[in-house]
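Visitor: I'd like to learn how to read a model like this one, feature by feature. Could you walk me through it?

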Amino acid sequence: MGELLDQVQAWQAVLGLLGALVGVTGWLAARLRSVRRGAPEPRYRAWFLREYGSYRNPYLDARDELRLDRTYIPLLATAQHDTNQVDGDVERVADGQGHVILLGEAGAGKSTALQAYGVSLLLRRTRDVPFFVPVRILAAPWQHEPLGDYLVKLMHAADPEGSEREARETVGRLLAERRLVVLLDGLDEVDPARYERVLNDIHAFTRNDSGDFPTARARFVVTSRRHSFLRISRDWLPGGGPDAHREVALRPPADAPTQLYAVSPLTETQILAYLDRFRERFPDPDGPERFLAELTRLRLVELHRNPLVLSMSVGLFAERVQLDIPRSVAALYQTMIAEMLDRHSFLQNDRQVAANRFDKADKYDVLRGFALTALDRGWFGAFQQDDLVRHTRITRGRLVIAEDEVEDLAREIFDRSGLLTPTGAGRYGFAHRSIQEHLAAEQLILLGSAGRARLRRHALEQDWRQVFVYYTAMADQAPVTPFLAGLAGVAPVLACACLAGANCADRVGADIVARVEQVLEREPDRRIPALAALLSAMAGRRPAIRRTARDAAFNWITKISEPGAINAIGGTYEPALEIAVTLIEESNDLEAGDDLVSRVAELAPNDPRLVGPLWRQLSRSPRDARPLSTDRDSGPAAQPPPAPVARLVDRLLRLAMDPVCFAELQRQPPQRPPFADDGLRREVYPFERGLSRDSNLVTLLCWAAEKEVTCSEPNLFLRARYEDPEAWRRLERDRGTAGGPHRRRRWPLHRDRNRDRDELVVGGFLTVVAVVAFGLIGTGLVGPDNRFGPLGGALALLLAGAELGIALTMLGVRPGPAADSAGDEPSHWSEAYTSDDSRHWLEPQPAE
């Protein structure tokens, strides 16, 4: 035994070294295993950025890929649960805690916005990990796996060198840590036959909260077309009635209800920002500005608020020296469709070899006839690929193709036109619904009287409304006038909407407007579409009809002057907003007047799309309008009725209190009214460390001062100005020099009494020590032998002073004036720097 102990002692160092080596090796192995297990996530992140960080836009005729983060224009989204809440862009609203549903029309950019949001999550280095899941793939016949397994498949596809078990472990970890975000795109694209399967799959996915794969902890961001979702909303969102607590597919997390948002059409500043992304494509340096100005002159801005149509239009006309943008919507569509059908006929390898085999006239003929056939059968969405092949075969007699070329012609339309997009296995849809509607209207015109009879059968079907509008805009006056006269007896609101583009006889147009006024009088539940139709007629081609429609619109808008009333009639705020924007846009040419514009602006909720039209209307307003009050700094005392311009200023001030609307105001072209000189700008905005005095907000405040407008719903900034002008002018100085509270200026030091007992005891002891040290040092310095010497004495005094300073700090002695007894709290007005509706008025902006 003793011999064994001697051997162990002899090898003790070696054994210790080996033990340490084993421990380090075990730790290193565990660490490497941990790193290897984490590898699928960073590899997936890199794969997602490669997959969705760039794209090719076929409408721009560009063969190179575009970086999404450089070309994408953030879309605005407005909450549907609060008509006066503007939530910001899609990225902001999608960052919420609960599930988010984004609604929008065809071509509104929902899918691109969803991919851009996923890319932004990764570029911003957030902890969330996005998984882009097109619903049409989830619902495909060959897709039999549940959603959870499909996510694992995506993770494994991004890291094929790893095992499927590791991919599943990684997805499970993301779920357990609540970091997985499912980007579910195109809820409206589910085949009705497979809808229940998808619904049940997601229902099960959002309820499994146990084990190592708790799918219920994932967060969803879903997109869908508005009208399609309204039909199935009860399956996804709880209602407000007795069934509010029923089980729905998107089971909301605790304290985080599912939020519903509408993707807003592009504003003028967003359109210009998109055009600026492709400035190099324009032959002139100011090409984007000229392009937008031409759209405004031709009244085509409204059509180009759709991102899909805008990208098509840029691809068609950006590179032309002369912006030959068609003067009508119909001509724009005809040019666009013809160009897309011929887009891929180009030189290859310097040889005259056209990639397209078939004549575009034949392809146009096929699409035009098929669009009408599909509408007749109710195919406003997806259709089978074989449906177009069968239609091509039926119409082959008038095409310049052989019998065995039917399928090839159809395939060329599918693959190379960009006008049809895949929605599932063997299923397609028109890239934008308006393209299908325009093609159907063209076909009806070619059919003559038979086409009018065929169209008349759908007069009461809402889905056919736009076809009527396109048809009457393209057809000649001779057939259109009797057609609209007959239509007015069945659907007067639809007939009035058609007056926007129809070349109709004046007497028939006046009769149609009178019929719509009867609808407004007798049918309150139809006032929203009736008002919208009148405003459409205000943009009509014939001056007499425009005047008649304008007078009728003014008469009825002034009767519905409460914001809540028009929203209650319409059910949602969107129609009211469309009415307001349409009226304001048309007032430039139609002399609708500030009174009508200011009244209708009150009907619309807060929305950034309202800012640009109101700002332009204000720039056209006269200077001699009646002011709101006689005292520029007084409160809202008894005043005469506000003048139209004053109402415009008031509405813009209230809009600017919302940060999103404020940002839209700041992006508008600057105004230079003659009265807004430097003196007035300093008077209305006396702050040096805030916004630039040339900013649009300061110009708006100058308008308010010139018109003596007292805002009807002032924020804290305006309340301070109205109620305490002197304190308002000192606001920046007081905040910058004293941090907010009012201070005494009598003493250079003050005592902070918020100290612990032990801290006071130690501080008191050190103070005594420092004072004694000062006494000893002083005695030594003044003594006859001066034991310290000059340098030593100075150093000793410095150390004693430092000790005394530390001791006094522990006792709570601080430099600076003390706070008044009235307030350890900031002054009432200093909160304007932190208030949600006024701080952006006082903080310098990055763009400034």
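Visitor: Let's begin with strand pairing: which residue is the bridge partner of Val-182 in strand 8?

Guide: Some ground rules come before that. This is a predicted model, where local features need pLDDT of at least 70, side-chain atom pairs count only at pLDDT 80 or more, and totals for chains, interfaces and linings use all residues. Residues are numbered from 1 along each chain as its sequence is written, and side-chain values use heavy atoms, with hydrogens and water left out. Helices (H or I, at least four residues) and strands (E, at least two) are DSSP runs, numbered from the N terminus, and two strands pair if DSSP finds at least two bridges between them. Now your case: the partner of Val-182 is Phe-220. Strand 7 (residues 180–185) and strand 8 run parallel, joined by four bridges.

Visitor: Which residue in strand 8 stands opposite Leu-102?

Guide: That's Thr-223. Strand 5 (residues 100–104) pairs with strand 8 in the parallel sense over five bridges.

Visitor: And how many residues of strand 8 are buried?

Guide: Buried means under 20% relative accessible area, exposed over 50%, and partly exposed in between (1.4 Å probe, protein chains only). Strand 8 (residues 219–225) has six of its seven residues buried.

Visitor: How do I read a helix, and which residues of helix 13 are buried?

Guide: An α-helix has 3.6 residues a turn, so residues three or four places apart point the same way. In helix 13 (residues 287–297), the buried ones are Gly-287, Pro-288, Phe-291, Leu-292, Glu-294 and Leu-295. Down the axis of helix 13 they fall within an arc of 160°, so they line one face; the arc is that of the directions from the helix axis to the C-beta atoms. These buried residues pack against helix 12 (268–277) and helix 14 (307–317).

Visitor: Which residues touch the most other members of the largest nonpolar core?

Guide: In soluble globular proteins, nonpolar side chains tend to be buried together. A nonpolar core here is a set of buried Ala, Val, Leu, Ile, Met, Phe, Trp, Tyr and Cys residues joined through side-chain atoms within 4.5 Å. The largest has 170 residues, and Phe-131, Trp-236 and Leu-484 touch the most other members. Apart from that core lies another, of 48 residues, including Leu-665 and Phe-717.

Visitor: Is Phe-662 buried or exposed?

Guide: Phe-662 counts as buried, because its relative accessibility is 3%. Its place is in helix 32 (residues 659–666).

Technical notes: Contact means heavy atoms within 4.5 Å.
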